[in-house]
Amino acid sequence: MCGIIGYVGTRDCVPLLISGLKRMEYRGYDSSGIAIINDDKIHIYKKKGKIEELEKGLLQNPHSATIGIGHTRWATHGAPTEVNAHPHTSFSGDVAVIHNGIIENYSELKQALLLKNHTFRSDTDTEILAHLIEEFYEGDLQKAVIRALHRVEGTYGIAVLHAGEPDKIVVARKGSPLVIGIGDGEYFVASDLAAMVEYTRDVIFLEDGEVGTISREGLTHTTLEETRIDRKSTHIDFSLDQIEKGGYKHFMLKEIMEQPHTLEDTMRGRIQVDEGNIILGGLQGHLDALKKAEHILLLACGTSYHSALVGRYLIEEWARIPVQVEYASEFRYRNPLIEKNTIAFAISQSGETFDTLEAMREARKRGALCLGIVNTVGSTIARETDGGIYLHAGPEIGVASTKAFTSQVTVLTMLGVLLGRQRGMSAEEGRNILGDLRKMPDLVARILRTKDDLLDIAKTFSRASNFLYLARGPNYPVALEGALKLKEISYIHAEGYPAAEMKHGPIALIDRKMPVVFIATNDNVYAKVLTNIEEVRSREGVVIAVASEEDKGIEHLADHVLRIPDCHPMLMPLLTVIPLQLLSYYVADILGLDVDKPRNLAKSVTVE
Ligand code: F6R
């Protein structure tokens, strides 16, 4: 995700800003830029692509300054281009802003500014903010920022410069982290401790709704209502590596733990619970085609394929359209049939998976409208599809996909409701589903709080040679995903099956050395899954059950129970996958394996 660094003091800030930006590279980004003040003028340098490009440009055209701000951008509004890179400036060029987050009412604000003859260079929401601050500027930057922020809906971490106040950086936060670092006659600001820990370890964490102004003389810290805040600084003493991983041992664990936030981000601005409606900006131009669609084709690989399988249950149930789910690699080579009015969705975290890209091209060649469900903004699949839905889950660095899966399932849930509402799903049913979907971040957080229970179970089973994962209905793809997660990072052989298929073969494998993970939630096949559990027990298999918090009876059947809260049965995969992600993570960690970079695997598979 985006990164912010800022400095005011006595050193040359250019190398410092560049090294701060490099410290945040691990978060993923697509462009970078800095703004510095020299001779009471703001100078901006931006580049698409790697920070080295920015650095090269600055070396050819050297500049020094003692105040400046820098940003790495992970595109949300507008393609990853140099024009869309931050910092963004106001109409006159006197205000420069860097911003993490999303301004939800940006088009409304833009319309109002257009009426006042503002013109815009970029497609970003951030540029609007720079113009708005200039509109309100009357000689006091902090006041102008506060007035502008009172008009803004959405999330932000910002740092702002004004040429007329060349010794100040104004910063503010709502929903996007910012930390102020205190040095000797110098101040820093960053969205990520990693960017400044080399220079200072005395920091003040900004809270939501707070504003600060840093200058060589000191710090002014207030609320948005201008009430003064006197917060003591905190001394941090952890290592850089720990900071980049947010204090977690591995990116995978960080990304698992982030899911309550990533689910919020995926849903933000897209759900109208009261109306039972969904608004997906990237599909607005295709609503007619979606209404006429007679077939849906989901193309994906690996974990994304598993989310597509969940999507099939949801879309067929709510919209009653036949959904075909295909391994992208198989689809390409089997002379596929594409019926009239087919809409294909390419589902990919990276947006660069070669097989998915080629399958999408094949589907288009054969007449399908191709849309994307992608995490990485500006990736090849995102660019080549005719429209689509971004996950907004932020960069996923651990090779094993976790938060992308839950965001994909969330997007497919929203898509299912959108298609359903176009085909007669009542507003009330829409409201019920979306009301429950809105609760998912809290329910996921509740499961994550029990993570130590998973550690104990992982200790018991880390030496097993095989695992079986069994489930039915929309949880069946979660069984496949649980098995994939375990095998790819722990190298333990694991298989996922529809529970009732067990008796057609896999049951032969069951003995007292075989842990069998069942997903047995409160749904229409619960009783059937219990029968399968009995079948495993009678062959001395060891049962680990993922079951409802309310289900007391399961304790008599299972050797270990992983508890999850109850929710709408079709939304269960968003919850049942969480303990399975944690189980795989802990098993691999106990075995001392390289969890974030498992052998033979790459994060983005750009080869056939
Ligand atoms: C599993 C995993 C892979 C990817 C697959 C598709 O944890 O990460 O199976 O899901 O390579 O990648 P994307 O979603 O980037 O197309």
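**View 1. Thr413 in helix 14 of the predicted model.** Thr413 is a residue of helix 14, which covers residues 403-422. The model shown here and in the views below is predicted. The relative accessibility of Thr413 is 0%, so this residue counts as buried, the limit being under 20%.

**View 2. The shell of residues around the ligand.** The ligand is surrounded by 15 residues. The closest of them are Ser304, Ser348, Ser350, Thr353 and Glu488. Sorted by class, the shell consists of eight polar, five nonpolar and two charged residues. Two helices, helix 10 (302-319) and helix 17 (476-490), each contribute at least two residues to the shell. In terms of domains, at least three shell residues come from domain 2 (243-438), and at least three come from domain 3 (453-597).

View 3. For Gln349, a backbone N or O atom is 2.7 Å from a ligand oxygen. For Ser401, a backbone N or O atom is likewise involved, at 2.9 Å from an oxygen atom of the ligand. Lys485 takes part through its side chain, where an N or O atom lies 2.9 Å from an oxygen atom of the ligand. The ligand on its own would expose 400 Å², and the protein buries 89% of this area.

**View 4. Strands 19 and 20.** Strand 19 spans residues 342-348 and pairs with strand 20 in the parallel sense. Six bridges connect the two strands. In one of the bridges, Ala346 has Gly372 of strand 20 as its partner. Strand 20 runs over residues 369-374, and five of its six residues are buried, so the strand is largely enclosed by the rest of the structure.

**View 5. Asp456 and Tyr586.** Asp456 belongs to helix 16, made up of residues 451-461. Along the chain, Asp456 and Tyr586 are 130 residues apart. In the fold, 9.0 Å separates their C-alpha atoms.

**View 6. The cis peptide bond at Pro87.** The peptide bond that leads from His86 to Pro87 is cis. Its omega angle is near 0°. Pro87 sits in a loop, with strand 4 (67-73) on one side and strand 5 (88-89) on the other.

**View 7. Asp40, a residue with positive phi.** Asp40 is found in the loop that joins strand 2 (31-38) to strand 3 (41-48). Its phi angle is near 55°, a positive value, and the residue is not a glycine. The relative accessibility of Asp40 is 52%, so the residue counts as exposed, the limit being over 50%.

**View 8. Asn600, after helix 19.** Asn600 lies in the segment that follows helix 19 (573-590). Although Asn600 is not a glycine, its phi is positive, at about 70°. Asn600 counts as exposed because its relative accessibility is 77%.

Definitions and conventions
Residues numbered from 1 in each chain as written. Predicted model: local features only at pLDDT ≥ 70, side-chain atom pairs only at ≥ 80, totals over all residues. Heavy atoms only, no water. Near = heavy atom within 4 Å. Polar contact = N/O pair within 3.5 Å; in protein donor to acceptor, adjacent residues only side chain to side chain. Areas by Shrake-Rupley, 256 points an atom, 1.4 Å probe, with all protein chains shown as cover. Helix = DSSP H or I, 4+ residues; strand = E, 2+ residues; numbered from the N terminus. Nonpolar A, V, L, I, M, F, W, Y, C, P; charged D, E, K, R; others polar. Domains from an automatic or database assignment. Buried < 20%, exposed > 50% of the residue type's maximum accessible area, 1.4 Å probe, protein only. Pairing = 2+ DSSP bridges.
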